[in-house]
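Here is a short note for a colleague who wants to go through the model point by point. Please read it with the coordinates open.

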Amino acid sequence: MTTIASMTTMTSAVYCDGVTKRFGKQFALNELHLAIPKGKIVGVLGPNGAGKSTLFRMLTGLAKPDRGSISVLGQRPGWRTNAHIAYLPDRARWYGDHTVNRAFHWGESLLPGFDRAVAERLAAFMNIDLDARVSGMSRGQEARLMLILCVARSVPLIILDEPFSGIDVISRERIIESLIDHMSSSELADVERTVLISTHEIYEAEALFDHAVFLRDGQVALSGDADELRAAHGSMHATMKQLYR
């Protein structure tokens, strides 16, 4: 018998049913119920401590819920699903002695679905020299490289945790412009990709979002189609200000 829950699991990229996670006495997630539709660019938004990073770690199997269940691409998170996920954690860094070319070679060798031609096109768009050594890069340049290694993969789920954190405005604009161009590229026509982006830079990044989830105290405070939320509140930035003031 097919239940509503099982149907939701099959049609969602991510489905959480009563997910709870505590660290000591503090709830990171508290009876979280969430369904994220497939094929959307989704802003996962909220203040520090709302549960965004904990949720992302659970989706990649790096943390386990104390209670509740999680489905990612129709399966329980783990090594089977991770081959289909590109994950960029908060404050990720690359090997300082590598060049960009070597990083792309590593990606070709070890990252499922990595497309070097796409990576090189993105590097050119983002003004990244293929012969540059990571140790000599600015924080913004290294952030662009880390992002390229994620989004140049042909996988159904990409998770980006604060990809713009600590990056100057010019670099943020360049990265967002590149993402918009890349996500609309015909190269991705045969891949139904869901992208989850956690960011505090909502004003600049909201043009990316098709869907938004606002978390507060480990629960969903608001979620829905981005255009409908903009129509109701004016913008994602305004929505967040109203929710968390």
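Predicted model: local features only at pLDDT ≥ 70, side-chain atom pairs only at ≥ 80, totals over all residues.

1. Sheet layout. Six strands is the count to start from: the sheet is open, has 6 strands and shows mixed pairing. The strand order is S5-S6-S7-S3-S8-S9. Strand S5 (85-88) and strand S9 (219-225) are at the edges. Each of these two has a single partner strand, so one side of each lacks a neighbour in the sheet. From one strand to the next, the twist averages 15°.

2. Strand S6 covers residues 157-161 and pairs with S5 in the parallel sense. The pairing has 4 bridges.

3. Strand S7 and its partners. S7 runs parallel to S6, joined by 5 bridges. In that pair, Ile159 stands opposite Leu196 in S7. S7 also runs parallel to S3, and here 3 bridges join the two. Gly43 stands opposite Ile197 in S7.

4. Burial of S7. Is S7 mostly covered or mostly open? S7 is mostly covered, with 5 of its 5 residues buried. Side chains in a regular strand alternate between the two faces of the sheet. On one side of S7 are Thr194, Leu196 and Ser198; on the other are Val195 and Ile197. Both faces are covered, and these residues are all buried.

5. Helix pair H4 and H6. Two packed helices are described by the angle between their axes and the distance between the axes. For helix H4 (residues 100-110) and helix H6 (residues 139-151), the angle is about 25° and the axes are 11 Å apart. The cut-off for roughly parallel is under 35 degrees. H4 and H6 are therefore roughly parallel to each other. The crossing of H4 past H6 is right-handed. H4 brings Val100, Ala103 and Phe104 to the contact, and they meet Leu145, Ile148 and Leu149 in H6. By class, this contact has 6 nonpolar residues, no polar ones and no charged ones.

6. Helix pair H9 and H10. How do helix H9 (residues 226-233) and helix H10 (residues 236-244) cross? Their axes cross at roughly 65° and come within 8 Å. That makes H9 roughly perpendicular to H10. The crossing is left-handed. Ala226, Leu229, Arg230 and His233 in H9 meet Met236, Ala238, Thr239 and Gln242 in H10. By class, the contact has 4 nonpolar, 3 polar and 1 charged residues.

7. Most residues other than glycine have a negative phi. Leu73 is not a glycine, yet its phi is positive, at about 55°. Leu73 lies in the loop between strand S4 (67-72) and helix H3 (79-82). Its relative accessibility is 23%, so Leu73 counts as partly exposed. Glu162 has a positive phi too, near 50°. The place of Glu162 is in the loop between S6 and helix H7 (169-183). Glu162 is buried, with a relative accessible area of 12%. Please look at both residues by eye.

8. Loop residue Asp217. Is Asp217 buried or exposed? Asp217 is exposed, with a relative accessible area of 57%. Asp217 is found in the loop between S8 and S9. Leaving out residues up to four places away in sequence, Asp217 touches Asn30 and Ala50.

How values were computed: Residues numbered from 1 in each chain as written. Heavy atoms only, no water. Axes fitted to C-alpha atoms, helices over the stretch in contact; angles between N-to-C directions. Parallel < 35°, antiparallel > 145°, perpendicular 65-115°, else oblique. Left-handed = near helix turned anticlockwise from the far one by under 90°. Contact = heavy atoms within 4.5 Å. Nonpolar A, V, L, I, M, F, W, Y, C, P; charged D, E, K, R; others polar. Pairing = 2+ DSSP bridges. Buried < 20%, exposed > 50% of the residue type's maximum accessible area, 1.4 Å probe, protein only.
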